[in-house]
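Dear colleague,

Please find below the structure that I am handing over to you. My notes on it follow directly after.

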Amino acid sequence: MTFDLEYNSERPLMIIPEYGRHIQKLVDHCLALENKEERDKMAQAIVDVMGNLQPHLRDVPDFKHKLWDQLYIMADFKLDVESPYPQPSKEELQEKPEGLPYPKSASRYRYYGNNIQTMIDIALSWEEGEKKEALVFTIANHMKKCYLNWNKDTVDDLVIFNHLYDLSDGKLDLRSSEETLSESKNLLKKRNSQGQHNSKSNHKKPHHNNQNKNRKRY
C-alpha cells in the first residue's frame, strides 16, 4: 500500500491564505467546470462559505462586494460567472496608490504641534471682523498654554505674538495689540488641576464588597 503525501512545499501558493487551502481548491474546481450554470451556482456557494469564515466582514460596508472581489482574485481573474458586481481587473489591483504628501509640521516651534498651524490657516481664510479677532486670540491663548506645557513656567505675551506672526507668514499681527492673553498662573492652574484629576482617576481604590469582610472562614 502506498500513500500519496502532499507536502506544503510542493503545493502552490495560496493567493489569500486567510480562507485556507480548501477554499482555494473549491475555486480551482469552479474554474474547471465547463457548464456555465454549474459555475454560477458553485461561485455563489463559495461566496456564502467565505462569508461564514469571515464573520467580521459583516460589519464592513458592502461586504458582499468585497467577497466577490476576493473570489475573482483567488481565481486569478479568470472566472467567468454571473456576479451582482462588476469584475475587477488585475491592472486595477496592481495599480500603485497615489503618494500622500508628507504632513506639514511646525518645525520652528514643535511644542505648538501641527493643529496650531491648521487653526492659523483657518483663521486666515475668515473675513475680517469680530469673529476672526476672537479666533485669533483663542489661538494665541492656546499657543501660550502649549508653550507653558513644554517650556518655562511663565512667558511674555509678546513672545507668543511674535511666534503667531511668524507661523502666519506675517498675516496675523498682534504685536501692537493692547489686549492681553490669559495669565500664566491661570493656565498653569488649569494644567495642574487636570493633571491631579487624571492622577486621582488612575489611582482609585478598588471597591470591596462589605459582605466579603463579614464572610466567615472555615
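I begin with a residue in a loop. At 17% relative accessibility, phenylalanine 77 counts as buried, because the cut-off for that class is under 20%. Phenylalanine 77 is found in the loop that runs between H3 and H4. Its phi angle is near 60°, which is a positive value in a residue other than glycine. Please bear in mind that this is a predicted model.

The neighbouring position deserves a word as well. Aspartate 76 is placed in the loop between H3 and helix H4, the latter covering residues 90-94. For aspartate 76, too, phi is near 60°, a positive value in a residue that is not glycine. With a relative accessible area of 29%, aspartate 76 is partly exposed.

Overall composition

The protein contains 9 helices and 0 strands. Read from the N terminus on, its elements run α-α-α-α-α-α-α-α-α. Of the 218 residues in the protein, 28% are buried. The accessible surface comes to about 16,800 Å², and carbon and sulfur atoms hold 50% of that surface.

Helix H6

Helix H6 comprises residues 130-150. At 1.5 Å a residue, its 21 residues should span 30 Å, and the C-alpha atoms at its ends are 31 Å apart, which agrees. The buried residues of H6 are Lys132, Leu135, Val136, Phe137, Ile139, Ala140, Met143, Lys144, Cys146, Tyr147 and Leu148.

Leaving aside residues up to four places away in sequence, lysine 144 touches Val155, Asp157, Ile160, Leu181, Ser182, Glu183, Ser184 and Leu187.

Glutamate 133 is also located in H6. Its relative accessible area of 46% makes glutamate 133 partly exposed. Glutamate 133 and leucine 174 are separated by 41 residues in sequence and by 9.9 Å in space, C-alpha to C-alpha.

Nonpolar cores

The largest nonpolar core has 23 residues, and those with the most contacts inside it are Tyr112, Met143, Ile160 and Leu164. Helix H5 (114-125), H6 and helix H7 (157-167) each supply at least two residues of this core. Its largest share, 9 residues, comes from H6. Apart from this core lies another, of 22 residues, which includes Ile23, Ile46, Met50 and Met74.

Aromatic and charged side chains

The count of aromatic pairs comes to 5. In one of them, the ring centres of tryptophan 68 and tyrosine 72 are 6.5 Å apart and the planes stand at 40°, so the pair is tilted. Both residues belong to helix H3 (residues 63-74), where they are 4 residues apart, about one turn of the helix. Tryptophan 68 and tyrosine 72 are both buried.

A further pair is formed by tyrosine 111 and tyrosine 112: this one is edge-to-face, with 4.8 Å from centre to centre and 65° between the planes. Tyrosine 111 counts as partly exposed at 24% relative accessibility, whereas tyrosine 112 is buried, with a relative accessible area of 4%. Tyr111 and Tyr112 form one aromatic cluster together with Tyr109 and Tyr147.

Finally, a charge is placed over a ring elsewhere in the model. The charged end of arginine 175 sits over the ring of tyrosine 165, 3.8 Å from the centre of that ring.

With kind regards

Notes: Residues are numbered from 1 along each chain as its sequence is written. This is a predicted model: local features need pLDDT of at least 70, side-chain atom pairs count only at pLDDT 80 or more; totals for chains, interfaces and linings use all residues. Side-chain values use heavy atoms; hydrogens and water are left out. Buried means under 20% relative accessible area, exposed over 50%, partly exposed in between (1.4 Å probe, protein chains only). Contact means heavy atoms within 4.5 Å. Accessible areas come from the Shrake-Rupley method with a 1.4 Å probe; for residues, only the protein chains shown count as cover. The expected span of a helix is 1.5 Å times one less than its number of residues. A nonpolar core is a set of buried Ala, Val, Leu, Ile, Met, Phe, Trp, Tyr and Cys residues joined through side-chain atoms within 4.5 Å. Rings of Phe, Tyr and Trp (its six-membered ring) pair if their centres lie within 6.5 Å; planes under 30 degrees apart count as stacked, over 60 as edge-to-face and the rest as tilted. A charge sits over a ring if NZ of Lys or CZ of Arg is within 6 Å of the ring centre and within 35 degrees of the ring normal.
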